[in-house]
Amino acid sequence: MAIALIALAGGAACGHAQAFEEGVLHKDGVSVRVGPVPPGWRRVGVDGADLAFRDDERSGSALFDMRCGKHDDDAPLSVLTSHLIMGTTEREFDAQDTVPFDGREALHTLLRAKLDGVPMQYDIYVMKKDGCLYDLVYVAPPGRFADGAADFERFAAGVRTEGSPPLGSAGAAAATSARDP
């Protein structure tokens with residue numbers, strides 16, 4: 001569902017409750033630094049995303065979303081990735097590997113698929129850390145994808161959590177129970 005929304009993102013205004021300042025997103029007591037936002041990306045509002053950007057030059061879109069303390073987010077990374085690409089058809093996976101990411105493992109997926117019958121190419125990272133789930137997605141038409149992929153990779157490579165959910169929050173409770181035997 002998030003993929004469909006980001007692919008259709010236009011010039012919507014941002015109306016997010018969380019703060020995004022100087023490359024750091026503050027939400028639910030967690031601060032997350034992202035990599036450099038390329039000069040050609042403009043921020044757009046997308047329901048269900050904490051940060052979304054439109055790469056007009058390449059007809060692409062980038063999304064960053066985090067959520068903490070949700071029980072259904074305890075699924076394997078492959079299942080969580082599958083949730084992100086629901087609604088796509090004719091999927092062709094170019095690569096899917098577990099990679100180091102912000103001190104944890106993330107599932108990195110590169111694929112081509114159709115969204116509403118339109119061919120698109122995707123670069124997706126999904127990571128779980130301290131009771132939170134992090135999704136990063138870049139999507140663009142196949143002929144323009146490679147030009148924007150390097151910018152997205154720098155953006156994704158810069159993701160660093162700078163705090164855990166505060167004690168007593170749903171995220172902290174989930175993180176604590178996940179570590180306890």
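Biologist: What makes two strands count as paired?

Modeller: Two strands pair if DSSP finds at least two bridges between them, and strands themselves are DSSP runs (E, at least two residues), numbered from the N terminus. This is a predicted model, in which local features need pLDDT of at least 70, side-chain atom pairs count only at pLDDT 80 or more, and totals for chains, interfaces and linings use all residues. Residues are numbered from 1 along each chain as its sequence is written, and side-chain values use heavy atoms, with hydrogens and water left out.

Biologist: How do you know that E9 and strand E10 pair?

Modeller: E9 and E10 (residues 132–140) are joined in the antiparallel sense by nine bridges, and the definition asks for at least two, so they are paired. One of the bridges links Ile 124 to Val 137 in E10, and the hairpin they form has two residues between the strands, with Asp 130 in the turn at a positive phi of about 50°.

Biologist: What joins E8 to E9?

Modeller: Strand E8 (residues 104–115) runs antiparallel to E9, with 10 bridges between them, including that of Arg 112 with Gln 121 in E9. This hairpin also has two residues between its strands, and Asp 116 takes a positive phi near 55°.

Biologist: Why is strand E9 called mostly covered?

Modeller: Buried means under 20% relative accessible area (exposed is over 50%, partly exposed in between; 1.4 Å probe, protein chains only), and nine of the 12 residues of E9 (residues 118–129) are buried, so the strand is mostly covered.

Methods:
Helices (H or I, at least four residues) and strands (E, at least two) are DSSP runs, numbered from the N terminus.
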